[in-house]
Amino acid sequence: MLERLTDPRNAAIAKPNAHALALLDRVLARDPAPVICEVGVGIGATTVELCRKLDNRGRILLFDFEDRLTDLGTDLVGLGFTNVELHANTRRRYDNYNWSLTTLLQARRQSGDDPALFDFVFLDGGHAFHHDAPAAMLLKELLKPGGLMLLDDYDWSFAVSPTMNPQKNPDIRLDYTEAQIETPHVRLICDLFFDHDPAYRKVEIGYRVPFEHRRAYQKAPFDD
Ligand SMILES: C[S@@+](CC[C@H](N)C(=O)[O-])C[C@H]1O[C@@H](n2cnc3c(N)ncnc32)[C@H](O)[C@@H]1O
């Protein structure tokens, strides 16, 4: 998988997410061996840099399709990373990372473990409400007090997607209404589940309204 990072055709998805790396630095300053997760790994651009920063300290849990994770997991082991845990799902229509997150949360509850596991969560999956609203709810439960969560593609919608917009891909209208095509789903999720929840506070990561591409939140207690 990681060999794809140097293929010029993948230039748009080969850059690590700078906000995820900066937030991990902030977490590492507090806890040198944190538990973190990335939901949606792409071709591993951010994953490999998160692993380098962790340097085998703590744990990193990855969620994506099983074919992607098997490939990436092999590469990460080959680079000497031993703290990577793969939580894969199939490509069946109604399977996705929510089921893996559900299984994880349920297992922790049933074993009597504290459900709060993660110091840092990077949610960067399908960016569609039916995937990411349940994911956000589950991840809120799995985030430790004081933990940080980054949601990518805050301003993305099917309408602005170069490949999925209705002009390029008219069949999108068979799956989504006009409102669902026009609405940025991650922004809606942030508005519904984070912005009005007193247990969460937005973390400034440098964007100015209305040009926000990502949002980060801290779960109480807050740093300041
Ligand atoms: C934008 S990419 C992630 C990019 C990556 N976080 C990075 O920084 O390079 C989105 C990822 O979400 C995954 N994804 C989308 N829908 C999914 C689903 N239903 N189940 C599992 N993974 C899914 C895709 O396979 C893809 O790897």
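This is a predicted model: local features need pLDDT of at least 70, side-chain atom pairs count only at pLDDT 80 or more; totals for chains, interfaces and linings use all residues.
I count two residues as in contact when their C-beta atoms, placed from the backbone, lie within 7 Å.

**Entry: Met 149 and the core**

With that cut-off I looked up Met 149, leaving aside its neighbours within four places in sequence. I found Met 149 in contact with Val 121, Leu 123, Leu 139, Leu 143, Ala 216 and Tyr 217. Next I turned to the largest nonpolar core, which has 48 residues. Leu 123, Leu 139 and Met 149 touch the most other members of that core. I remind myself that nonpolar side chains tend to be buried together in soluble globular proteins.

**Entry: helix H4**

I then followed helix H4, residues 97–110. Its 14 residues reach 20 Å from the first C-alpha to the last, close to the 20 Å expected at 1.5 Å a residue. Which residues of H4 are buried? I noted Tyr 97, Asn 98, Ser 100, Leu 101 and Leu 104. They sit on the same side of H4, because they cover an arc of only 165 degrees around the axis. Turned away from that buried side is a face with the exposed residues Thr 103, Gln 106, Ala 107, Arg 109 and Gln 110. I also checked what covers the buried residues of H4, and the cover includes strands E1 (35–39), E2 (59–65) and E3 (84–89) as well as helix H5 (129–142). Just after H4, I came to Gly 112, which takes a positive phi of about 80 degrees.

Most residues other than glycine have a negative phi, and most peptide bonds are trans. With that in mind I looked for exceptions.

- Asp 55 has a phi near 55 degrees, a positive value in a residue other than glycine. I located Asp 55 in the loop between H2 and E2. Is Asp 55 buried or exposed? It is exposed, with 12 other C-beta atoms within 10 Å.
- Asp 153 is not a glycine either, yet has a positive phi of about 60 degrees. I located Asp 153 in the loop between strand E5 (143–152) and helix H6 (172–175). Asp 153 is buried, with 21 other C-beta atoms within 10 Å.
- Ala 220 and Pro 221 are joined by a cis peptide bond, with omega about 5 degrees. Pro 221 lies in the segment after strand E7 (214–219).

**Entry: two loop residues**

I picked Ala 33, in the loop between helix H1 (18–30) and E1. Ala 33 counts as exposed, with 12 C-beta neighbours inside 10 Å. Beyond four places in sequence, Ala 33 is in contact with Arg 57 and Gly 58. Ala 33 and Arg 59 are 26 residues apart in sequence, and their C-alpha atoms are 7.5 Å apart in space.

His 127 is buried, as 21 other C-beta atoms lie within 10 Å. Leaving aside neighbours within four places in sequence, I found His 127 in contact with Asp 132, Asp 153, Trp 156, His 185 and Val 186. From His 127 to Tyr 154 I count 27 residues in sequence and 8.5 Å in space, C-alpha to C-alpha.

Note on methods:
Residues are numbered from 1 along each chain as its sequence is written. Helices (H or I, at least four residues) and strands (E, at least two) are DSSP runs, numbered from the N terminus. The expected span of a helix is 1.5 Å times one less than its number of residues. A residue is buried if 20 or more other C-beta atoms lie within 10 Å of its own, exposed if 12 or fewer, and partly exposed in between; C-beta atoms are placed from the backbone. The arc is that of the directions from the helix axis to the C-beta atoms. A nonpolar core is a set of buried Ala, Val, Leu, Ile, Met, Phe, Trp, Tyr and Cys residues joined through C-beta atoms within 7 Å.
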